[in-house]
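Q: I have a structure open and want to learn how to read its ligand sites. Can you take me through them?

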Amino acid sequence: MSVRHAGVPDVQWSDWTWQMRNRIRDVGALAHWIDPTDDERRAIEALADRFHFVITPYYAGLMDPGDPECPIRRQVVPRLAELHDAYGVADPLDEVAHSPVKNVIRVYPDRIAFCVNNECALYCRFCLRKRMVGDDEWSMKKRELEEGLAWIRRTPQIRDVLLTGGDPLVFSDERLDWLLAELRAIRHVEIVRLGSRLPVTLPFRVTDALCRVLEKHHPIWLNTHFNHPRELTPEAAAACDRLLRAGVPVGNQSVLLRGINDDRQTMKALCEGLVRMRVRPYYCYQAQLLEGTAHFRVPIEEGVALFRWMRGRTSGFAIPLYVLDTPHGKVPLTHAYVRGREGDAVVVETCDGRTWRERNPRAAED
Ligand SMILES: *Cc1c(COP(=O)(O)O)cnc(C)c1O
Ligand code: SF4
């Protein structure tokens with residue numbers, strides 16, 4: 001089903017610049033879409049100077065007006081629970097300490113995350129980069145982008161550059177074209193990846209003109225961020241289809257969120273819906289110990305059990321790798337299927353829970 005428009009004419013509704021100009025930023029505007037609860041109203045006020053409250057009309061159209069537990073609503077509308085988080089910190093991955101120059105995050109020898117833009121179309125309550133997104137101090141002036149590019153130019157180990165933010169697709173086509181051309185001109189940069197939530201939150205941004213810019217600079221890969229099957233709309237599917245036709249492989253990185261996608265059927269429906277759109281589930285992140293997000297966290301054991309349950313019950317490529325990000329890189333959180341060795345055999349657990357002994361003689365020693 002297409003997203004409801006609330007009477008906005010199609011030409012405006014499907015114009016991404018109209019969507020950006022008409023974003024919801026206060027309770028009054030939100031009340032056109034849903035009936036905000038007392039908790040939501042008070043949270044919008046109490047959190048106003050802590051983290052941005054901004055929603056695109058398109059994404060607001062996905063919210064259930066009568067259900068405060070709506071999985072779309074909970075991702076973007078503040079709740080008082082954000083004020084009660086005993087363990088969350090601002091920068092759990094210590095990204096600032098891993099930045100050789102502003103907004104270049106290097107954890108691995110061969111690849112970086114380059115936060116080229118601090119803005120997003122909307123702001124997710126569980127955002128890992130809460131400390132910086134939407135904050136002017138972290139915006140990137142052209143000179144600062146050039147400093148990042150200069151660092152990449154003089155660091156020949158970097159073969160993979162992930163443009164992230166914020167959201168790099170909030171940039172104009174011209175700025176993106178310039179940035180991609182600069183990266184392409186660096187001999188050792190083999191691939192460029194984009195991390196963007198716009199196919200989910202503002203799919204009209206993926207215009208034919210944008211796709212023509214991207215395909216000039218291949219190999220370009222893109223990972224987006226769907227968290228719930230309700231986000232898999234015809235509009236979002238069309239945006240992913242345009243990217244795929246332009247030769248950009250599209251992957252998905254979700255976050256495991258309590259009450260949003262942590263039950264088995266919801267996660268399975270999300271992943272199967274993604275592969276129907278030819279989007280490959282790549283990672284599902286454990287929610288970090290990030291300030292104001294205690295109400296979203298799922299114990300790691302439950303996450304491991306969820307993805308263990310999926311194995312064998314759906315297409316292998318519909319199952320993302322469940323990971324924990326750490327200051328030292330991403331750690332796969334998987335069930336231990338390899339149980340150990342018994343003589344000449346290795347004992348494994350099959351996906352239906354049986355024990356299997358695979359003859360596996362040790363290499364002959366000579
Ligand atoms: C996630 C991440 C990458 C990319 O990691 P892959 O596992 O290759 O997808 C690179 N740099 C940083 C800092 C990251 O957080
Ligand atoms: S779109 Fe991504 S970077 Fe932007 S607020 Fe949401 S999670 Fe954070």
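Q: Which residues are around ligand 1?
A: A residue counts as near a molecule if one of its heavy atoms lies within 4 Å of it. Around ligand 1 these are Ile-105, Val-107, Tyr-108, Arg-111, Ile-112, Ala-113, Arg-193, Tyr-282, Tyr-283, Asp-325 and Lys-330. This is a predicted model, where local features need pLDDT of at least 70, side-chain atom pairs need 80 or more, and totals for chains, interfaces and linings use all residues. Residues are numbered from 1 along each chain as written, chains are lettered from A and ligands numbered from 1 in written order, and side-chain values use heavy atoms, without hydrogens and water.

Q: Which polar side-chain atoms lie by an oxygen atom of ligand 1?
A: A polar contact here is a pair of N or O atoms within 3.5 Å. Arg-111 has a polar side-chain atom 2.7 Å from a ligand 1 oxygen. For Arg-193 the distance is 2.9 Å. For a side-chain N or O atom of Tyr-282 it is 2.6 Å.

Q: Where does ligand 2 sit?
A: A molecule sits in a pocket if more than half of its atoms lie within 2 Å of the pocket's grid points. A pocket is an open set of points on a 1 Å grid over the protein atoms alone, where a 1.4 Å probe fits, with protein on both sides within 12 Å along at least five of seven lines; lining residues have an atom within 4 Å of a point. Ligand 2 sits in the largest pocket.

Definitions and conventions: Polar contact = N/O pair within 3.5 Å; in protein donor to acceptor, adjacent residues only side chain to side chain.
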